[in-house]
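Please look over this model with me. My notes follow the display.

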Protein chains: 2
Amino acid sequence: MEKIQSVKGTRDFYPEEMAVRNWLFDGWQAASLRNGFVEYDSPIFEYLQLYTAKSGDEIAGQLFSLTDRGGRELAIRPETTPSLARMVNQRINSLPRPVKWFSISRLCRAERPQKGRLREFFQWNTDIISDSAYEYADADCIYTAVDYLRSVGLIKDDIIVKISSRAMLAELLKSQGFVDEQLGTVYSLLDKQPKIPPDKFTAMAEEQIPDADLRERLMRLQSVGSIGELIEFAPESVQKSIYPLETLFHILGKMGISDYCGFDINIVRGLAYYTGMVFEIFDRRSQLRAVCGGGRYDNLLAGLGGPSVPAVGFGMGDVVLEILLREKNLLDSAKNHLDFFIVYDDYKIFEDKGLSLVNSLREKGFSTAFDYRRTSAMARQLKMASSQAARFAVILGQETIDSDEITLKNMADGSQKRIAIKDFLKETDKYEFQRRPL
Amino acid sequence: MEKIQSVKGTRDFYPEEMAVRNWLFDGWQAASLRNGFVEYDSPIFEYLQLYTAKSGDEIAGQLFSLTDRGGRELAIRPETTPSLARMVNQRINSLPRPVKWFSISRLCRAERPQKGRLREFFQWNTDIISDSAYEYADADCIYTAVDYLRSVGLIKDDIIVKISSRAMLAELLKSQGFVDEQLGTVYSLLDKQPKIPPDKFTAMAEEQIPDADLRERLMRLQSVGSIGELIEFAPESVQKSIYPLETLFHILGKMGISDYCGFDINIVRGLAYYTGMVFEIFDRRSQLRAVCGGGRYDNLLAGLGGPSVPAVGFGMGDVVLEILLREKNLLDSAKNHLDFFIVYDDYKIFEDKGLSLVNSLREKGFSTAFDYRRTSAMARQLKMASSQAARFAVILGQETIDSDEITLKNMADGSQKRIAIKDFLKETDKYEFQRRPL
């Protein structure tokens with residue numbers, strides 16, 4: 001039989017890659033907890049309708065759908081927010097507010113694999129479902145993303161949080177002659193622009209906005225480079241919708257992360273359900289896709305059959321993040337290693353004295369292993385101890401039978417000593433390295 | 001629009017349930033590391049063929065299958081072992097032996113939801129791919145499962161590891177007149193017996209083994225209750241295949257877990273690919289399905305296009321385990337809580353002094369939150385602090401502007417003190433509770 005391969009666009013996490021993934025996840029979790037979020041999770045599949053209802057065409061076109069025995073149409077989750085909205089809706093009356101939740105979710109999208117985009121990936125999501133004073137929740141959301149990124153060593157010269165507001169952009173577009181029905185088209189155009197070649201974008205714009213004058217106005221609007229310029233550019237009718245953005249930047253400044261943040265009128269996000277503030281985080285050199293994206297989605301819960309409750313959140317995927325951290329030499333992982341490897345000359349001695357020692361060391365929480373081959377030469381066993389990065393080899397020989405003694409070999413410096421088993425076990429109480437107590 | 005529900009047989013993990021799940025997973029991970037396993041993970045979907053090839057009819061009939069755009073047939077993973085075998089096969093020449101890996105996998109099976117069986121669940125898997133002296137690896141595998149279960153408080157009176165061997169059973173069945181072609185049928189019958197009503201079993205047995213004499217012999221064989229009885233019952237030709245089982249029990253005794261283990265000739269496991277030792281762990285009262293099951297599968301790697309390498313492993317699902325631990329009152333979870341909740345009288349004071357304090361506390365690794373509503377009464381904010389289980393409320397008032405002082409309220413005993421912000425920050429260096437340093 002031929003070897004069966006993995007499916008293209010998925011990843012196998014061998015122990016080395018898994019250690020990196022665990023390091024990423026641990027950082028996400030720690031940042032979430034520091035910032036007052038609690039963890040939740042949703043099923044890997046949902047009713048298809050949950051996604052076709054509100055996520056927009058891009059997501060709906062990338063679903064891995066399936067049908068169960070009862071003929072029900074299901075889909076593997078392509079994003080987490082719809083499940084969050086469903087879960088919150090179900091308990092809306094009993095959940096204390098604000099709902100401030102995070103998850104680290106496995107997501108799947110049936111798209112063409114390319115740099116920074118896979119068909120299976122992981123995404124850190126934080127969401128705040130709160131009542132009023134949107135700018136505080138918006139700021140805390142952005143702060144949490146930046147908190148994580150700086151905790152792994154990214155500085156303000158590495159990354160930039162580009163912030164805008166769909167509510168403001170809608171007013172601005174309307175002031176320029178666009179009508180409500182065109183807004184979705186413009187958002188989708190702006191979101192795609194940095195991802196496609198300029199000539200393709202021009203063709204797309206000409207097709208979707210046939211009026212050359214309108215296109216001209218859109219381009220002029222796109223060149224607004226700061227909140228100051230925006231205030232100057234925008235007519236009176238739009239000024240009111242700029243104020244929340246100003247407030248947000250003021251709060252971000254007070255929280256100490258101004259240096260990471262900037263206004264960018266071209267940020268709209270691809271998902272259909274955003275209503276207010278939107279943001280994306282990029283590497284400053286703009287070589288990669290966004291590391292993180294999020295925004296306010298005040299109508300999603302109501303759109304899925306719940307009450308009207310404002311919400312804001314972001315998603316940060318592992319794929320682009322890992323590329324960025326690797327480029328910056330910031331990728332770390334807890335190395336896999338063992339505390340003790342038991343080495344034996346004669347398997348009868350091992351069975352008599354060694355197996356109970358394995359039990360005692362593991363009961364104390366030390367990671368402990370031994371050679372399964374029963375008749376390996378001691379040199380081979382020591383090599384195995386070394387390849388598994390054991391701190392100590394515990395060597396059993398004739399003296400273990402005669403006088404209950406073992407030889408303790410420090411694998412780092414090669415030093416060794418003979419010690420009675422009971423003294424050795426007592427001594428380990430003082431060892432402070434990795435312990436996994438029962 | 002109507003509320004969309006979750007799919008039957010899946011679970012929503014709200015923060016309380018997620019805390020329990022995290023506690024389970026942490027225990028699995030700690031036990032794995034203590035016992036010298038390293039973590040890996042595989043994709044959530046694979047080519048359908050990976051499962052239809054070797055897992056047996058039961059699994060193949062429960063697949064969630066899907067087709068991608070390229071028309072390729074895929075399936076959500078219903079178990080982890082085929083992916084493990086695929087991954088090991090791919091790097092068989094470069095991986096150091098033994099491969100001693102664990103994973104905590106989300107799995108899906110399209111079966112009818114019932115007590116202890118869901119359509120989406122999590123499973124802890126450990127596998128050892130080693131060369132020889134099978135009994136050591138077999139014993140270490142069983143030991144690891146028991147190690148976890150006793151680490152969460154289950155004692156020998158709570159659980160029993162029932163152990164047998166398919167290799168031995170095959171010899172024994174053949175000595176009783178069964179032919180090779182019938183073995184699969186008998187394994188499947190024995191595996192189903194405890195899960196179906198006696199009359200249904202009798203009907204099934206009569207259909208699948210029409211020879212009444214053979215059925216009689218099978219029943220007699222099933223009543224063998226110990227290794228001692230087995231040695232007496234078995235003809236000479238079978239004795240050699242009993243020896244590895246005897247050795248295994250000897251080793252388990254030396255490892256100190258005899259009290260948890262017993263021979264049970266009726267254990268065969270449902271999966272098709274087991275070849276040697278098989279085991280299942282049950283609650284002693286046998287009220288629930290198996291908590292854990294595993295065994296030796298020496299032909300699986302070769303069957304999936306790899307070399308012939310012996311392997312042993314087990315899976316422990318979260319669903320039955322959680323029911324058992326809940327019944328025994330052993331279920332625990334790390335409670336969600338906050339370190340500090342900032343309370344403010346006037347949002348201008350908060351923006352001026354509070355936001356930077358939030359930043360400072362989080363930078364020190366303390367989980368810190370505040371009310372987003374900007375104009376809440378202080379009593380409401382304190383109630384929120386309490387509902388989020390904050391250790392301390394940090395109260396900002398006019399004195400914060402006048403003299404840079406805050407009031408620190410201990411939420412546990414209600415005591416409070418006035419302290420300068422800089423002294424407070426210095427004091428927190430001595431706090432040893434939950435800290436999530438940057």
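The points below go from ground rules to single residues.

1. Ground rules. This is a predicted model, where local features need pLDDT of at least 70, side-chain atom pairs count only at pLDDT 80 or more, and totals for chains, interfaces and linings use all residues. Residues are numbered from 1 along each chain as its sequence is written, while chains are lettered from A and ligands numbered from 1 in the order in which they are written.

2. Chain contacts. Chain A has 81 residues in contact with 81 residues of chain B. Contact requires C-beta atoms, placed from the backbone, to lie within 7 Å. On the chain B side, 37 residues are nonpolar, 23 polar and 21 charged. Here Ala, Val, Leu, Ile, Met, Phe, Trp, Tyr, Cys and Pro count as nonpolar, Asp, Glu, Lys and Arg as charged, and the others, Gly among them, as polar.

3. Domains. Chain A splits into domain 1 (15–42 + 79–327) and domain 2 (338–428). The bounds come from an automatic or database domain assignment. Over C-alpha atoms, the centres of these two domains of chain A lie 54 Å apart.

4. Val38(A). This residue lies in strand S1 (residues 38–39) of chain A. Strands are DSSP runs (E, at least two residues), numbered from the N terminus. Is Val38(A) buried or exposed? Val38(A) is buried, because 20 other C-beta atoms lie within 10 Å; the cut-off for buried is 20 or more. Val38(A) touches Lys100(A) and Trp101(A), and also Pro15(B) and Asn336(B), leaving aside residues up to four places away in sequence. Val38(A) and Trp101(A) are 63 residues apart in sequence, yet 4.9 Å apart in space, C-alpha to C-alpha.

Terms used. Two residues are in contact if their C-beta atoms, placed from the backbone, lie within 7 Å. Helices (H or I, at least four residues) and strands (E, at least two) are DSSP runs, numbered from the N terminus. A residue is buried if 20 or more other C-beta atoms lie within 10 Å of its own, exposed if 12 or fewer, and partly exposed in between; C-beta atoms are placed from the backbone.
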